[in-house]
Amino acid sequence: MGMLEVKGINKRFGGLQALGDVNLSVAENTTHAIIGPNGAGKSTLLNVLVGKLIPDSGSVMFNGQSVLGRKPHEINQMGISRVFQTPEIFSDLSVFENVMIPCFAKRDGSFRMHAIESIISEKGIQQQAEEILADVNMLEKRHMIASSLSRGDKRRLEMAMCLVQDPKLLLLDEPTAGMARADTENTINLLKEIRAQRGITMAIIEHDMNVVFSLAERITVLAQGTPLVEDTPDNIKGHPKVREAYLGEAQV
Amino acid sequence: MLGLNKKDARLLLIVVAITMLAPFILNPFPAGSDLAQFNAGYPDLMQRFVIFGILAIGFNILFGLTGYLSFGHAAFLGVGSYAAVWMFKLLSMNIIPAIMLSVIIAGVFSLVIGYVSLRRSGIYFSILTLAFAQMSYSLAYSVLTPLTGGETGLQPKATDARILDGALEPGEAATPSLFNIAMRDSFELSLGNWEFVFNFGYYVAAVVMIFAFYMSIRIFRSPFGMMLRAIKSNQTRMSYTGLNARPYTLAAFVISGMYAGLAGGLLVAMDPQAGAERMFWTASGEIVIMTILGGAGTLIGPVLGAGFIKYFENIVSKINETVLHQWFYWLPDGLEDFVIAMIYPFVGKGWHLPLGLLFMLVVIFLPGGLVQGGQKIAGLFSRKTADEPQPKATEPAE
């Protein structure tokens with residue numbers, strides 16, 4: 001029984017069957033990649049997992065609890081964090097504030113009326129925020145406004161914001177999309193570190209085969225909204241069905 | 001001090017000093033001189049400065065922090081005013097129960113309007129609040145006449161019950177008071193040609209404003225305030241961080257509605273009457289302009305903006321043709337008429353014109369409002385005096 005169990009998900013957009021009978025099981029303490037050519041339904045699936053889209057049928061269970069029908073903030077409070085294709089951070093706030101906010105969300109839940117307390121006196125939260133910034137090597141940038149960071153640093157910051165919440169499952173949506181070679185390497189190393197040190201279960205949606213094969217322990221291949229195969233990276237590499245789906249797009 | 005960092009504590013102290021010494025600061029010209037026209041140190045105007053300051057401080061908690069632009073805040077001011085007059089009519093001329101009821105009623109009212117309006121954001125939110133405020137205005141003018149006095153407005157009458165004070169004597173005017181000291185009581189001080197007026201009502205309102213300002217600093221520096229800024233910055237990340245934006249925005253809306261109710265109650269405490277025109281959409285627009293002019297999202301900006309607008313409205317509007325002739329009598333006749341013809345459109349009834357020009361200049365060149373202008377000027381001076389590199393603008397919060 002996996003940590004995340006997706007069963008029989010169907011999602012139609014008008015005449016287009018975006019997801020057809022998708023089954024997926026992400027086991028605890030693994031990195032599970034979901035790959036597939038453009039339009040395979042990867043992003044639709046991710047949006048179903050985080051509560052942004054509601055499927056027409058099927059079930060999504062996380063640690064034995066249904067995810068469907070819950071709002072994104074409720075799903076996050078269950079322990080699922082998401083990293084976006086383009087980093088979603090609080091651009092107008094400082095780096096330090098960016099990581100303090102998830103600390104508060106973790107401690108106080110989705111709403112708390114702490115209007116008179118001062119941030120300065122929240123020593124515990126500040127310490128947590130400093131620790132995570134040190135972990136991602138951004139402590140010296142703590143007073144910078146987030147919008148002035150480089151693309152790579154924005155990605156690190158977003159990762160730090162997710163990690164500081166101690167998620168049970170981290171969803172990554174093409175974490176290296178549009179990145180230069182060096183940045184991609186950095187991101188891969190960062191993710192490997194996180195995986196090794198924190199043992200967080202990860203589900204990665206990715207286009208870049210290089211990234212997938214250096215990180216994933218299990219791979220699900222989606223094509224036209226349906227899972228083709230699910231296997232280990234080594235078996236996926238030579239799989240004829242996968243070659244067929246990717247024909248002409250990349251050497252697998 | 002008081003849970004504030006050094007910079008905020010200094011700002012608070014400056015505000016306290018200015019409001020306490022306002023009767024001196026606003027009357028820099030000797031009475032009877034040509035420039036006495038520009039003296040703003042009379043009770044009625046000073047009261048307006050601080051009361052509209054409270055209104056703008058409250059509005060800034062919503063607009064400055066969350067970015068939700070309410071175009072109907074005058075409704076809460078109006079509701080607060082009516083509530084206060086009713087307290088005068090039913091209970092007592094003491095302003096404390098009146099102001100308390102103003103704040104409570106405005107809070108309840110803003111909870112209802114906010115709950116509905118906050119289902120949308122951006123321009124739709126603004127239009128919804130505008131619609132609610134205009135609806136309140138129209139209702140107050142027409143069908144709610146028994147409650148609001150309709151066109152004539154609401155004021156204390158001889159026939160009022162006034163359970164605690166008893167009915168008015170024939171010919172006795174209803175004067176709001178704080179434990180039997182009337183709001184209109186003033187102490188006048190003459191120093192040579194200068195005259196200074198210390199009005200009890202002003203000082204009551206000023207103390208309330210200082211408290212309101214202090215509370216707004218606390219909110220700005222609290223985790224709650226940080227959440228509100230996060231909402232303005234990125235609502236997607238907000239919800240994927242496990243935070244529900246709706247209750248946060250609603251709380252900010254209600255707090256700013258209560259500030260508006262407080263201002264409405266204080267207006268009535270200074271002058272015990274309320275009319276529906278206080279809720280008209282231009283009044284809501286004025287609040288928006290005050291906040292943007294001073295600097296939305298800054299602590300002191302809204303108060304500055306409120307002061308500027310009230311100054312223009314009350315001082316520049318009084319410069320009529322006669323006054324201009326007094327100023328320029330020494331010029332040759334033809335030239336005098338020419339100069340006056342040039343200046344006339346900008347003063348007196350045309351007071352909106354210079355204010356509009358100022359507003360345009362601020363929005364175009366100083367998006368951070370007058371506060372940003374002040375910072376720029378301060379920056380120029382400190383660069384000239386100090387050779388060593390300036391510390392970064394984003395100081396640590398500790």
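**Close-up views of the predicted model**

**View 1. The two domains of chain A.** In this predicted model, the domain assignment of chain A gives domain 1, made up of residues 1-79 + 167-252, and domain 2, covering residues 93-166. The C-alpha centres of domain 1 and domain 2 of chain A lie 27 Å apart.

**View 2. Where domain 1 of chain A touches domain 2 of chain A.** Eleven residues of domain 1 of chain A are in contact with ten residues of domain 2 of chain A. On the domain 1 side, the elements that give two or more residues are helix 2 (72-78) and helix 6 of chain A, and the largest share, six residues, comes from helix 6 of chain A. Sorted by class, this side of domain 1 has five nonpolar, four polar and two charged residues.

**View 3. Helix 5 and helix 6 of chain A.** The axes of helix 5 (residues 151-163) and helix 6 (residues 181-198) of chain A come within 11 Å and cross at roughly 15°, which means that helix 5 is roughly parallel to helix 6. Their crossing is right-handed. Helix 5 of chain A makes the contact through A:Gly152, A:Arg155, A:Arg156, A:Met159 and A:Leu163, while helix 6 of chain A contributes A:Asp183, A:Asn186, A:Thr187, A:Leu190, A:Ile194 and A:Arg198. By class, the contact has four nonpolar, three polar and four charged residues.

**View 4. The side of chain B that touches chain A.** Here 30 residues of chain B are in contact with 32 residues of chain A. The elements of chain B that give two or more residues to this side are helix 8 (200-220), helix 9 (223-233), helix 10 (235-239) and helix 11 (245-270), and helix 9 of chain B gives the most, with eight residues. By class, this side of chain B has 13 nonpolar, eleven polar and six charged residues.

Notes: Residues are numbered from 1 along each chain as its sequence is written. Chains are lettered from A and ligands numbered from 1 in the order in which they are written. This is a predicted model: local features need pLDDT of at least 70, side-chain atom pairs count only at pLDDT 80 or more; totals for chains, interfaces and linings use all residues. Axes are lines fitted to C-alpha atoms, for helices over the stretch in contact, and angles run from 0 to 180 degrees between N-to-C directions. Helices (H or I, at least four residues) and strands (E, at least two) are DSSP runs, numbered from the N terminus. Angles under 35 degrees count as roughly parallel, over 145 as roughly antiparallel, 65 to 115 as roughly perpendicular and the rest as oblique. A crossing is left-handed if the near helix is turned anticlockwise from the far one by less than a right angle, and right-handed if clockwise. Two residues are in contact if their C-beta atoms, placed from the backbone, lie within 7 Å. Ala, Val, Leu, Ile, Met, Phe, Trp, Tyr, Cys and Pro count as nonpolar, Asp, Glu, Lys and Arg as charged, and the others, Gly among them, as polar. Domain bounds come from an automatic or database domain assignment.
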